[in-house]
Amino acid sequence: MSAYLILGLGLFLGIHSLRIVAGDWRDAQVARLGLLPWKGVYALISAVGLGLIVWGYGLARAEPVVLWAPPVWTRHLAALLTVPAFILLVAAYLPGSHIKAKLGHPMVAGTTLWALAHLLANGSLADAVLFGAFLVWAVASFVS
């Protein structure tokens, strides 16, 4: 398991969790820095986290720790589930979307579906950590 993957997930999901765990602190930082500088810091931390996730996941896949061997059909199911996941992702950015009106948070719903699909189709420790972390984050974000 790669420490870079864990660190990247901490940074990326941590910054994306501020509204869930520290909303008042986040609001104070936006007020102190201003909206555009805050978005710059947010984007920088997100980009560094994402880069570490990609690097760490690549390192972890080079020497995989296999937890289970998923059946081949789960790959087909994952491919099928990613279609509505991407539709939900796009719906989050479309003004006046009926999907957004019904779900409230289509990006989080899409992330949940995407992570679940990949957990079903991949059986390594790195997959469980990566997609499991995104699934836990998405569920927590949706609930909050």
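**Figure 1. Overall fold of the predicted model.** From the N terminus on, the elements of the chain follow the order α-α-α-α-α-α-α-α. The model is predicted, and its chain contains eight helices and zero strands. The C-alpha trace spans about 50 × 40 × 20 Å along its principal axes. Of the 144 residues of the chain, 35% count as buried. Contacts between residues at least 6 apart in sequence were also examined; 70% of them join residues at least 24 apart. The chain exposes about 8,600 Å², and carbon and sulfur atoms supply 73% of this area.

Figure 2. Helix 8 comprises 19 residues and covers residues 125-143. From its first C-alpha to its last, helix 8 reaches 26 Å, close to the 27 Å expected at 1.5 Å a residue. The buried residues in helix 8 are Ala126, Asp127, Leu130, Phe131, Gly132, Phe134, Leu135, Trp137, Ala138 and Ser141. An α-helix has 3.6 residues a turn, so residues three or four places apart point the same way. Cover for the buried residues of helix 8 comes from elements including helix 1 (3-16), helix 2 (18-21), helix 4 (35-62) and helix 7 (106-121).

Figure 3. Ser141 is found in helix 8. Because its relative accessibility is 17%, and buried means under 20%, Ser141 counts as buried. When residues up to four places away in sequence are not counted, Ser141 touches Ile20 and Val108. Helix 2 (18-21) and helix 7 (106-121) are among the elements covering the buried residues of helix 8.

**Figure 4. Aromatic pair of Phe12 and Phe134.** The structure holds seven aromatic pairs. One of them is formed by Phe12 and Phe134 and is tilted, with 5.9 Å centre to centre and 50° between the planes. Phe12 lies in helix 1 and Phe134 in helix 8, so the pair ties together parts that are 122 residues apart in sequence. Both Phe12 and Phe134 are buried. Ring pairs also place these two residues in a cluster with Tyr57, Trp114 and Phe131. Phe131, like Phe134, is one of the buried residues in helix 8.

**Figure 5. Aromatic pair of Trp25 and Trp38.** Another of the seven aromatic pairs joins Phe12 and Phe134 in a tilted arrangement, whereas Trp25 and Trp38 form a pair that is edge-to-face. For Trp25 and Trp38, the separation is 6.3 Å centre to centre and the angle between the planes is 75°. Trp25 lies in helix 3 (residues 23-33) and Trp38 in helix 4, so this pair ties together parts that are 13 residues apart in sequence. Trp25 is partly exposed, with a relative accessible area of 45%, while Trp38 is buried, with a relative accessible area of 5%.

**Figure 6. Nonpolar surface patch with residues from helix 1 and helix 4.** Leu7, Leu11, Leu44 and Val48 make a nonpolar surface patch of about 340 Å². Helix 1 and helix 4 are the elements that give two or more residues to the patch. Leu11 is found in helix 1 and, at 30% relative accessibility, counts as partly exposed.

Notes
Residues numbered from 1 in each chain as written. Predicted model: local features only at pLDDT ≥ 70, side-chain atom pairs only at ≥ 80, totals over all residues. Heavy atoms only, no water. Helix = DSSP H or I, 4+ residues; strand = E, 2+ residues; numbered from the N terminus. Buried < 20%, exposed > 50% of the residue type's maximum accessible area, 1.4 Å probe, protein only. Contact = heavy atoms within 4.5 Å. Expected span 1.5 Å × (residues − 1). Patch = residues over 30% accessible without salt bridge, like charges linked within 9 Å, V, L, I, M, F, W, Y side chains within 5 Å. Areas by Shrake-Rupley, 256 points an atom, 1.4 Å probe, with all protein chains shown as cover. Salt bridge = Lys/Arg side-chain N within 4 Å of Asp/Glu carboxyl O. Phe/Tyr/Trp six-rings, centres within 6.5 Å; stacked < 30°, edge-to-face > 60°.
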